[in-house]
Amino acid sequence: MTGEAGYAARAEAVRDRYRSTLGTVPGGVQERLRLAGESGRLSTEEALAELRHIVLTDSPLGARVQQLVHFGQLLALGRPEPARIHARGALHAGAGIADLVGVAETALITAGVPAYALGTEIIAELLPPPDGGGRRQPERTDGGRPAPRG
C-alpha cells in the first residue's frame, strides 16, 4: 500500500498498539499522528510505538505491574494527564482500585503529599458516583489549561 491508504493503515497499526496496552488511544497520540502525517514523519511514531510495545508487553513485570509502575512514576513527576491514562491502562491490564491506592500510598512516601493527593484524585475519578451511575467525569484542576501530554 502506498499513498494515503498506506499512511492510514500504518497510522491505524500505531493506534492498535496503544489500544492493546491502554484500551484506548490518548489524545496526545492522535495529535502526534496528525502532525506525523502532515510532516511526513510517521516512521518516528511507528518506532516510538514499537519501543513502547516492547517495554510494556515483553517486560518481566507483566502488563498490570508495568502500568502500575507508570502510574506511580507519573504521580511522582506530577504529570496528571499521563497518570490518568496509565491508571486507566492499569485497570485495562487487570489491576484493581486497591492496586492503584497502593501505588498512590507509595508515592506519598517517595514523592510526598502532592503526588499522593494527585493519585487519590485520579483514583476517585475512576470510582462510580455515590448514586451508582457510571464513572465520574474528571474535574479540571489546572484552571482549564491544557496539560502536557506524554
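Guide: In this predicted model, a residue is called buried when its relative accessible area is under 20%.

Visitor: Is arginine 52 buried or exposed?

Guide: Arginine 52 is found in helix H3, which covers residues 42-57. The cut-off for a buried residue is a relative accessible area under 20%, and because arginine 52 has a relative accessibility of 17%, it counts as buried.

Visitor: What is the relative accessible area of arginine 15?

Guide: Arginine 15 has its place in helix H1, residues 3-22. Leaving aside its neighbours within four places in sequence, arginine 15 is in contact with Val25, Gln30 and Leu33. Arginine 15 is buried, and its relative accessible area is 17%.

Visitor: How many helices and how many strands does the chain have?

Guide: Reading along the sequence, one finds that the chain follows the pattern α-α-α-α-α-α-α. The count for the chain is therefore, with helices set apart from strands as DSSP runs, seven helices and zero strands.

Visitor: How much of the chain is made up of buried residues?

Guide: Of the contacts in the chain with a separation of 6 or more, 57% are accounted for by residues 24 or more positions apart. The chain has 150 residues, and the share of them that is buried is 33%.

Visitor: How are H4 and H5 oriented to each other, roughly parallel or roughly antiparallel?

Guide: The axes of helix H4 (residues 62-77) and helix H5 (residues 80-92) come within 8 Å and cross at roughly 160°. Angles over 145 degrees count as roughly antiparallel, and therefore H4 is, relative to H5, roughly antiparallel.

Visitor: Is the crossing of H4 and H5 left-handed or right-handed, and how do the residues of their contact divide?

Guide: The crossing of H4 and H5 is left-handed. On the H4 side, Gln67, Leu68, His70, Phe71, Leu74 and Leu75 take part, and in H5 they meet Pro82, Ala83, His86, Ala87, Gly89 and Ala90. The residues of this contact divide into eight nonpolar, four polar and no charged.

Visitor: What is the relative accessibility of phenylalanine 71?

Guide: Phenylalanine 71 has its place in helix H4, and its C-alpha atom is separated by 7.9 Å from that of alanine 90, which is 19 residues away along the chain. Not counting residues up to four places away in sequence, phenylalanine 71 touches Ala83, His86, Ala87, Leu100, Val103, Gly119, Ile122 and Ile123. Phenylalanine 71 counts as buried, because its relative accessibility is 0%.

Visitor: How do the residues of the contact of H6 with H7 divide?

Guide: H6 and H7 pack at an angle of about 165°, with their axes 7 Å apart, and they are therefore roughly antiparallel to each other, in a crossing that is right-handed. The contact is made by Ile97, Leu100, Val101, Ala104, Glu105, Ala107, Leu108 and Ala111 of H6 together with Val113, Ala115, Tyr116, Gly119, Thr120, Ile123 and Leu126 of H7. These residues divide into 12 nonpolar, two polar and one charged.

Visitor: Is glycine 96 buried, partly exposed or exposed?

Guide: Glycine 96 is found in the loop between H5 and H6, and it is 32 residues from arginine 64 in sequence and 9.6 Å from it in space, C-alpha to C-alpha. Buried means under 20% and exposed means over 50%, and because glycine 96 has a relative accessibility of 26%, it counts as partly exposed.

Definitions and conventions. Residues are numbered from 1 along each chain as its sequence is written. This is a predicted model: local features need pLDDT of at least 70, side-chain atom pairs count only at pLDDT 80 or more; totals for chains, interfaces and linings use all residues. Side-chain values use heavy atoms; hydrogens and water are left out. Axes are lines fitted to C-alpha atoms, for helices over the stretch in contact, and angles run from 0 to 180 degrees between N-to-C directions. Helices (H or I, at least four residues) and strands (E, at least two) are DSSP runs, numbered from the N terminus. Angles under 35 degrees count as roughly parallel, over 145 as roughly antiparallel, 65 to 115 as roughly perpendicular and the rest as oblique. A crossing is left-handed if the near helix is turned anticlockwise from the far one by less than a right angle, and right-handed if clockwise. Contact means heavy atoms within 4.5 Å. Ala, Val, Leu, Ile, Met, Phe, Trp, Tyr, Cys and Pro count as nonpolar, Asp, Glu, Lys and Arg as charged, and the others, Gly among them, as polar. Buried means under 20% relative accessible area, exposed over 50%, partly exposed in between (1.4 Å probe, protein chains only).
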